[in-house]
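Please look it over, and then follow the questions on how its features come by their names.

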Amino acid sequence: MSAQHQVSRRNAMSAHLGASALAMAATFASSAALAQDADPAAAQQGAKSAEIVVTATLRNERLQDTPIAITAVTGDMLQARNQTSVYEIARQAPSVTLAPQGQAFGSTMLAFIRGVGQSDFIPALEPGVGIYVDDVYYSTLTGSLVELLDLDRVEVLRGPQGTLAGRNSIGGAVKMFSKAPSGDNSGMVSVTGGAFKRFDARAMADFTIAPDKLFARVSAVSRSREGFVKRMDYACTHPGSGVSAAPNLGDGCQLGTLGGQSLAAGRIYLRWLPASNLDVSLIGDLTRDRSEAGADVLRFANNPRLTIDDGNPATPPVPFDCRFVPYGPNSCDTAGRNRYWTYSTFTDTRAPTGQDPYTPFSIPIVSHLDSYGISGNVKWDVSDNLQVRSITAYRDYTATFAEDADGSPVMNQLALQKLKNWQFSQELRANARLMDGKLNLTAGAFHFRGTATFAARLALTYVGLNFNQGPEDSTSKSTALFLNGDYQLTDALRLSGGIRHTWDRKTQEYFRSNPDGTIPATPCLPGRAPFDPANAPNCALLGLNGLTDGYEGKRFDWRVALDYRFSDEVLVYGQVSTGYRAGGVNPRPFFAPGTILPVANGQIDPFNGVPFDVGQLKSFKPETITSYEIGFKTDLFDRRVRFNVAGFVNDYKDIILNVLACPIAPCFQPNNAGTAKVKGVEVEISAYPTDRLSLDLSGSYLDFKYRRTDPATFIALNMVTPFTPKWKGAAGIQYDILDGDAGLLSLRADGSYQSHVFTEALNGPTNRIEGYFLATARLSWKSKDRNWGLALEVTNLGNRYYENTRFDQAQQSGLTSVSPGAPRQWAVTLTRNF
């Protein structure tokens, strides 16, 4: 097919997408008109779509009046679905993927919207989806796996928010808002018990400190659960295998579990009203997480160079291969093929050698997080037409997490990582209402600075490295000025727009040392791989210690939107907007600039290789998007049916992706991989056919096409970015079985589906997650006065095996580990409202 024909076909598809959306809008405009003309008495009165007020445009506005694709979820909706973590919201949000990360990344959430995002926790890399809590930006993916504690609403903004949310919200933004105190002396206590010895407790109290002046709302949660992945002793489950027994810390062959949770968190929200036009809020939160290491299991193993030996001359050394994979197509395990088994030991039992004298050693099996933050929010109504707002925040966390990626007693990859982070942000806004309300303007400034300190004990046996990384700082500063507004051209037609200019600066340190604190000083022997026994310890790291690198850039973003209201029921809009994600430098180089090693066919060749500079210090540019979007929002039949549709085409350039295909391993290097055109359609429907029955549906189709890729990344044009499902859908139904003197008895079922995704930029069979469908059912009862509640819930109703993410190093270390979702679980919750 010729290039000209391909361009013509793409233009035709774009035109068809726009024509289809406009035709659907016109159809529903006609339906709305018929609904208006119908006899109001004929419509049954009762349940209707909720009027949700959002702040996506930096001022209060009805969801259905906002010309942006938004999934808005109220606190009542969260309670009805029993959603307690932010990633669960994504199941109902089109084109959105949020999921807890695997063991290698600790208490981290991966976030992608419309094919744009980030999964790596390392703070030198910016997230592609902005996470905000009470208008405070969370700068790293670590610590963003937020507990949904006493929230008023969640807004998921899809598409680039370059002028509204700003920095690093190129894919979109997830904004959570706490319930503000009202001083009504209300309260709530709930307890939950369930499978895997689950026990949760939640509580809230809202009270007055000083009448009409000072109010407080205090919320707390405690959560514990046993891990659902069992750590098994391979020598015990496979007698005579030639593998040495591990210290048995449990009964039988079980050493322990992975994925167990132990968390406590709290928030205090103080609200002071010193004057009728002044509202001052102070919010503090604290989280203490003492969970086990993540629930990872091994799904691919093939590195016969790595072995384990029990010391018995009668049994040969056992290689790292499929015998340690307990389940899946790459398994040849003979012990039962259990989906939730792992043979991890978190111990390096090898005897010391001249090349690696720092063994044996072990690491604690933990995923810990200590996090706190405080923010001040001042709202000053200077006049009826001018409001000023200040948001000041400080956040701090320390995360420590263990990784045994090989899932076996064979030593391949073991890590204990620690990340400390602090950040300060200040935002000022002024909202003005001019020309008798026809013109609304928001002008403001934003400043951010923070430092993340990373330290790790890393044992990468497959390349002969056993060393300390750090402590090393990644510092970041960002300042922005912005202006947004809208003008009412006619009673039905409105023009919106915005601009934002941002200045970014980053610095990165590099420190490498041997585990005993000494600095590697002896180069690798010519023609020999770093793991060669004749080499000095950690010879590949020579020259990295003490280096620094940095990045500095600026960016101008803009947005233009036009919306037209056909009637009270139908709004049609179109917009063009831009966004970006800041550039930077490689935070994980394993070879210094000027490192020359003989390389042939992608691997070190000790005989006849050619000299090659494998230095991995490399900067990368910002990635950018220009998005073209049209859509409509409708509330039909006296608000009994809400039908929202958005269609978009994105020009995605200089895409930042971690690439594992380098001339020599190890390699985990961010690159500007290429450009792409991304097209999609998103649909959200909520309906209330009767007073007792409610339905909600959502779905999305995403067509990701690379237009150009950098040959050095080996990414092919038919590949896609990580965590980009072509199809995604969800459905929910709730029926109130009875509502009377005996109370309210409701039955709810939810289901969600996503098609297959790849977890790495270089798509392959070992990083493909197959599509899956999940279902949840919940039976709940509330007393007539709604003071008591009892609910029975079953998650993963079909007991489906599915995966949240994959850590794929099949081409480097010969392994792929997987973070599976939990099996079917039940829970019972008792609630008392005061």
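Q: What makes the features named here count, and how are the residues numbered?
A: This is a predicted model, in which local features need pLDDT of at least 70 and side-chain atom pairs count only at pLDDT 80 or more, while totals for chains, interfaces and linings use all residues. Residues are numbered from 1 along each chain as its sequence is written, and side-chain values use heavy atoms, with hydrogens and water left out.

Q: How do you know what confidence the predictor has in the protein chain?
A: Confidence is given as pLDDT, which is assigned to each residue from 0 to 100, and the protein chain has a mean pLDDT of 89, with 91% of its residues at 70 or more. Residues 1–45 have a pLDDT below 50, and this stretch has 47 contacts in the model beyond near neighbours in sequence, a contact being heavy atoms within 4.5 Å. The pLDDT is also below 50 over residues 599–610, a stretch with 25 contacts beyond near neighbours in sequence.

Q: What makes Arg202 and Glu147 buried or exposed?
A: Buried means under 20% relative accessible area, exposed means over 50%, and partly exposed lies in between (1.4 Å probe, protein chains only). Arg202 has a relative accessible area of 16% and is therefore buried, and Glu147, at 12%, counts as buried too.

Q: How do you know that Asp651 and Lys677 form a salt bridge?
A: Their side chains meet at 4.0 Å, N to O, and this counts as a salt bridge. The pair links distant parts of the chain, with Asp651 in strand 39 (residues 641–653) and Lys677 in strand 42 (residues 674–687), 26 residues apart. Asp651 is buried, because its relative accessible area is 17%, and Lys677 counts as buried at 14%.

Q: Why is strand 14 said to pair with strand 15?
A: Two strands pair if DSSP finds at least two bridges between them, and strand 14 (residues 229–232) and strand 15 (residues 254–258) have four bridges in the antiparallel sense.

Q: What makes a residue part of the lining of the second largest pocket?
A: On a 1 Å grid over the protein atoms alone, a pocket is an open set of points with protein on both sides within 12 Å along at least five of seven lines, and lining residues have an atom within 4 Å of a point. The second largest pocket is lined by 42 residues, and Thr55, Arg59, Asn60, Lys379 and Arg389 lie nearest its centre. Strand 24 gives the most to this lining, with six residues.

Note on methods:
Helix = DSSP H or I, 4+ residues; strand = E, 2+ residues; numbered from the N terminus. 1 Å grid on protein atoms, 1.4 Å probe; cavity = no way out; pocket = protein on both sides within 12 Å on 5 of 7 lines; lining within 4 Å.
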